[in-house]
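Please read it alongside the sequence and the coordinates.

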There are 2 protein chains.
Amino acid sequence: MQGRWRVGPSGTGGSGFVRIGEYLIERLRAHGVEHVFGVPGDFVLGFYDQLERSEMMVVNTCDEQGAGFAADAYARLRGLGAVCVTYGVGGLKLANTTGQAYAESSPVVVISGAPGLAEREAQPRLHHKVRVFDTQRLVFEQLTVASTVLDDPATACREIDRVLGVAVRQKRPVYVELPRDMALVEVPRPAPGAHQEPLPRSHPAALAAALAETTALLAAARRPVVVLGLEVQRFGLQEKTLRLIERTGIPVAVTLLGKSAIGEQHPRFLGVYAGRMGREDVRAYVEDSDCVLLLGAPLSDVDLGGDATPLDPARTIQVEAECLSVGHHVYEKVRLADFIGALADADLPPRDAVDLPRPPRDDAPTIPGAPITVARLFARLAGFLTDETVVIAEPGDALFGAADLPVRQCAEFLAPAYYASLGFAVPAAIGAQLADPALRPLVLVGDGAFQMTGMELATAARFGLNPIVVLLNNAGYVTERLMVDGPFNDVLPWAYHRIPEILGTGRGFAVETEGDLDAALRAATAQPDGFCLLDVRLDPGDVSPALRRLTARFGAAALAEA
Amino acid sequence: MQGRWRVGPSGTGGSGFVRIGEYLIERLRAHGVEHVFGVPGDFVLGFYDQLERSEMMVVNTCDEQGAGFAADAYARLRGLGAVCVTYGVGGLKLANTTGQAYAESSPVVVISGAPGLAEREAQPRLHHKVRVFDTQRLVFEQLTVASTVLDDPATACREIDRVLGVAVRQKRPVYVELPRDMALVEVPRPAPGAHQEPLPRSHPAALAAALAETTALLAAARRPVVVLGLEVQRFGLQEKTLRLIERTGIPVAVTLLGKSAIGEQHPRFLGVYAGRMGREDVRAYVEDSDCVLLLGAPLSDVDLGGDATPLDPARTIQVEAECLSVGHHVYEKVRLADFIGALADADLPPRDAVDLPRPPRDDAPTIPGAPITVARLFARLAGFLTDETVVIAEPGDALFGAADLPVRQCAEFLAPAYYASLGFAVPAAIGAQLADPALRPLVLVGDGAFQMTGMELATAARFGLNPIVVLLNNAGYVTERLMVDGPFNDVLPWAYHRIPEILGTGRGFAVETEGDLDAALRAATAQPDGFCLLDVRLDPGDVSPALRRLTARFGAAALAEA
């Protein structure tokens with residue numbers, strides 16, 4: 001690799017040249033990425049060295065899985081996240097976290113080192129190789145919206161800009177493979193913006209037509225309702241959406257994935273819509289509406305509570321990132337951001353306030369000696385949320401129970417409510433708090449999921465973070481126990497509250513009663529210097545009504561026959 | 001799905017019919033699989049229910065990664081292993097462990113539940129889905145030698161037999177996806193052996209020609225040597241190989257992956273060949289030989305100590321599972337098993353015993369107060385190996401230091417010495433001991449790797465296993481530290497020896513001195529009732545000579561430019 005590409009010791013490049021690895025770091029920084037999560041390994045050590053010498057902060061986790069989930073959370077809050085690992089043994093550990101990022105529209109850049117091009121020729125059996133040198137890239141092609149191998153100095157910078165651009169525009173993960181002998185190759189620095197692709201725009205006439213039809217339907221509707229989903233947050237449309245709600249007064253619900261797309265103290269806020277799984281009054285309000293406007297809210301089986309079609313398409317306007325349908329017809333080339341912006345400014349009649357269903361409030365005072373229950377746990381947690389709390393919920397009862405927690409501002413609720421991978425919550429707290437150091441994570445996690453990745457508290461401790469982890473300890477996989485039970489739903493009970501003794505930092509609390517819970521939450525709030533872990537010991541038969549409703553439907557499917 | 005397929009409550013099928021899930025279990029049992037590792041999830045719960053009702057034992061681990069590694073170890077000892085998980089969030093967590101099984105020829109059956117065929121039509125946005133319903137299968141096509149989706153009752157049994165047959169014949173992983181509404185469908189039971197494919201045979205004339213050339217070269221050689229690799233173990237050729245050695249008296253070395261292919265007390269045993277990384281006397285003996293016979297030993301960069309071609313092809317006979325080359329020419333259709341069998345019976349002159357290099361012995365008595373070192377750790381461990389010890393070594397100094405541990409019998413050493421994924425050793429101990437309950441695992445693991453999967457000790461405890469885990473605690477990723485250092489090679493120090501207090505069982509030992517080590521090993525040996533965890537606190541600068549040699553070469557590559 002000679003010729004017009006220059007090599008030399010790190011940092012000597014003149015302003016006209018840049019090393020490929022350094023260009024990748026520069027471009028990530030330009031997109032707002034200040035932290036890279038990962039685990040080092042020999043095929044990526046040269047790039048790690050470049051990261052260390054840059055302004056980027058490297059956050060090495062216990063396992064690559066933790067890094068992947070942390071980057072996912074970071075991307076949800078920052079608009080882009082990055083995880084960087086070695087070839088094979090590192091990259092393939094990220095298949096699941098990248099699958100989740102794809103499924104839930106989280107723009108994560110997966111960076112993997114790889115064997116150098118030169119050494120592949122000399123020795124085809126290099127360690128960490130599976131089948132062919134391309135195996136890992138072929139895997140990630142299935143899990144990302146763009147991928148590249150930086151194997152050509154002539155195109156490396158353009159390729160970096162291309163895939164980062166796709167991630168930012170499509171809000172999904174991308175894959176960058178960096179052969180280790182390319183990281184230090186110097187190439188001519190591209191002119192700023194040289195590879196910038198114009199943002200795709202809506203077709204003006206299609207946008208106008210869709211807008212006209214939508215405003216007519218909304219104006220004519222007797223009881224319209226807006227449902228916000230995750231794309232509102234991913235595309236940063238919270239302000240435009242809020243303007244739409246405030247100008248029109250239309251009541252607004254959110255999906256589980258879209259929770260915190262609007263502050264829940266807003267007078268027009270209805271609650272979380274999740275079909276029969278969610279609150280009955282919210283379900284009835286949405287499903288009985290004569291005009292449901294779904295904004296950035298693709299609906300999954302979980303969102304619909306296991307029902308197939310509770311929403312009548314004839315009364316539904318479905319606006320997604322790349323697709324807009326009204327009733328049974330589709331508008332193409334109408335983009336979510338353009339549409340919401342136009343709708344917020346459209347001429348729509350303001351509506352009078354209507355009586356909206358309100359979540360049942362449990363303000364009953366603590367009964368110090370009463371055994372703690374799921375219902376009372378969430379009732380008490382509600383009182384401890386502040387404007388600085390980001391709630392991070394693991395799939396299962398941690399998530400379903402949290403659905404009605406009144407989060408205070410936008411972007412304060414993170415959960416994999418569609419892909420639903422266990423093991424997300426604790427590492428996500430690391431990514432979330434590094435993405436926004438003003439936030440303090442409140443992590444809700446089951447014991448089964450905690451046994452997967454909970455020891456990433458070690459990473460939180462190393463990097464000075466202070467999540468409050470509320471562990472719903474119900475002796476195994478309760479969500480599954482309600483569907484099909486067997487000893488495979490059991491896990492070994494750990495003395496979770498003593499984990500701080502292993503890690504040499506943090507505080508643990510054993511919570512058996514309401515009094516224990518209050519004391520622990522007060523102590524955790526007063527203790528900003530490290531993580532707090534509350535081992536909340538629940539009766540294994542005590543589950544939220546939402547979970548019981550969902551598992552009744554899903555359990556039947558688990559044993560169904562074709 | 002009606003017609004000739006029957007449905008009904010479990011266990012009602014007459015002998016002429018069998019449910020698809022139950023047939024899969026039957027066929028695994030017929031191949032010697034008695035344990036299935038995994039984590040349950042809703043798309044696979046029906047099959048888990050079938051597993052529980054069968055003779056199969058379900059071993060649920062803390063995380064799917066642990067299940068994948070346990071199944072890999074089980075497969076290496078049993079000839080077939082199985083891991084069973086749910087769709088997406090379970091399956092994709094197995095990409096890395098399956099990659100390792102592929103790279104290191106371990107026949108693991110990956111079984112994944114999946115959405116039912118009927119429900120996919122009703123709702124395309126089902127939870128756990130990444131991009132398309134086929135995404136996971138497309139990923140596993142890259143990581144396995146055969147894959148199938150059991151979406152057709154007419155072919156399901158044939159497909160099960162096909163993929164299991166490929167796994168057993170090719171000794172590599174396969175993928176079986178089971179839509180949940182198919183597990184309980186009853187189909188006509190195939191006649192025994194109906195789908196059995198004949199084992200591929202060698203071409204008789206090619207075999208004879210290869211044999212003639214090889215015997216001539218061996219007979220003429222002044223100082224021939226045999227090197228055994230992992231395929232000897234995978235294809236169960238240890239006895240034939242031993243017969244070859246005993247009949248001819250040719251000295252025999254092993255690769256790291258082939259270690260324990262022959263008992264190391266054998267008088268013709270040379271040691272582990274690993275190029276410049278290994279012992280110098282073994283390297284010299286092999287590389288100076290005038291005829292090197294490599295049996296089932298594909299050589300990687302690690303095996304060759306980072307050198308490209310230390311073995312002269314003109315003096316090398318390379319016999320692999322599906323390829324045999326002598327010097328610069330290749331024989332096709334000659335199979336490893338046939339060739340070794342024929343060679344063991346061939347007319348070769350017995351050789352006189354020659355003086356072979358012997359490993360340096362460190363029999364110095366314990367100095368109780370002396371700080372423990374890597375060298376002394378391995379010297380002391382050597383004395384604690386018994387005929388019932390299976391040594392399981394994690395990549396890094398745990399592995400390189402263990403290279404010269406004198407294992408006592410065949411199949412007593414397990415390590416991912418080629419693919420080299422961290423996190424293998426602790427979960428592998430679970431798989432190994434369940435595969436052969438007569439064995440007690442001695443696990444050698446670094447602190448970085450332990451933080452990935454070490455908490456699977458909880459699974460070992462739940463299933464009554466008693467590994468002795470020796471944790472080489474050197475404050476981070478020492479292998480990498482020797483190549484390129486930075487804070488990314490640090491990990492939070494854990495009080496590892498206190499983990500038994502978290503798990504409520506097992507014994508922990510803090511080992512600072514030689515005296516501590518002896519006492520802990522004696523106590524562990526005397527304590528068969530649960531796991532023992534020795535936190536061996538090493539000076540971070542104290543590494544094995546082998547690791548220092550390897551990282552000098554690999555470190556240069558990490559910072560090399562194209």
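A:Ala510 stands opposite A:Asp535 in β21(A), helices (H or I, at least four residues) and strands (E, at least two) being DSSP runs numbered from the N terminus. This bridge belongs to the pairing of strand β20 (residues 507-511) of chain A with strand β21 (residues 532-537) of chain A, which is parallel and extends over five bridges; two strands are taken to pair if DSSP finds at least two bridges between them. Between these strands the chain passes through α20(A), and the resulting β-α-β crossover is right-handed, a term that applies if, with the strands pointing away from the viewer, the path from the first strand over the helix to the second runs clockwise.

This is a predicted model, in which local features need pLDDT of at least 70 and side-chain atom pairs count only at pLDDT 80 or more, while totals for chains, interfaces and linings use all residues. Residues are numbered from 1 along each chain as its sequence is written, and chains are lettered from A and ligands numbered from 1 in the order in which they are written.

Two helix pairs are set out in the table, with angles running from 0 to 180 degrees between N-to-C directions and axes fitted as lines to C-alpha atoms, for helices over the stretch in contact.

| Helix pair | Axes come within | Crossing angle |
|---|---|---|
| α13 (residues 374-382) and α20 (residues 514-525) of chain A | 11 Å | roughly 30° |
| α8 (residues 204-220) and α12 (residues 336-345) of chain B | 10 Å | roughly 50° |

The angle makes α13(A) roughly parallel to α20(A), whereas α8(B) and α12(B) are oblique to each other; angles under 35 degrees count as roughly parallel, over 145 as roughly antiparallel, 65 to 115 as roughly perpendicular and the rest as oblique. The crossing of α13(A) and α20(A) is right-handed, and α8(B) likewise passes α12(B) in a right-handed crossing, meaning that the near helix is turned clockwise from the far one by less than a right angle.

In chain A, the residues A:Arg376, A:Leu377 and A:Arg380 of α13(A) meet A:Glu514, A:Leu517, A:Asp518 and A:Leu521 of α20(A), contact requiring that C-beta atoms, placed from the backbone, lie within 7 Å. The residues of this contact of α13(A) with α20(A) comprise three nonpolar, no polar and four charged, where Ala, Val, Leu, Ile, Met, Phe, Trp, Tyr, Cys and Pro count as nonpolar, Asp, Glu, Lys and Arg as charged, and the others, Gly among them, as polar. In chain B, the contact joins B:Leu207, B:Ala210, B:Leu211 and B:Thr214 of α8(B) to B:Asp338, B:Phe339, B:Ala342 and B:Leu343 of α12(B); by class, the contact of α8(B) with α12(B) has six nonpolar, one polar and one charged residues.

Chain A also holds an open sheet of seven strands in the order β11-β10-β9-β12-β13-β14-β15, with mixed pairing. Because β11 (269-272) and β15 (329-331) of chain A stand at the edges with a single partner strand each, one side of each is left without a neighbour in the sheet. From one strand to the next, the twist averages 20°.

In chain B, six strands form an open sheet with parallel pairing, in the order β17-β16-β18-β19-β21-β20. Its edge strands, β17 (413-414) and β20 (507-511) of chain B, each pair on one side only.

Finally, the contact between the chains takes 87 residues from chain A and 87 residues from chain B, and the side of chain A that touches chain B divides into 52 nonpolar, 18 polar and 17 charged residues.

Notes:
Contact = placed C-beta atoms within 7 Å.
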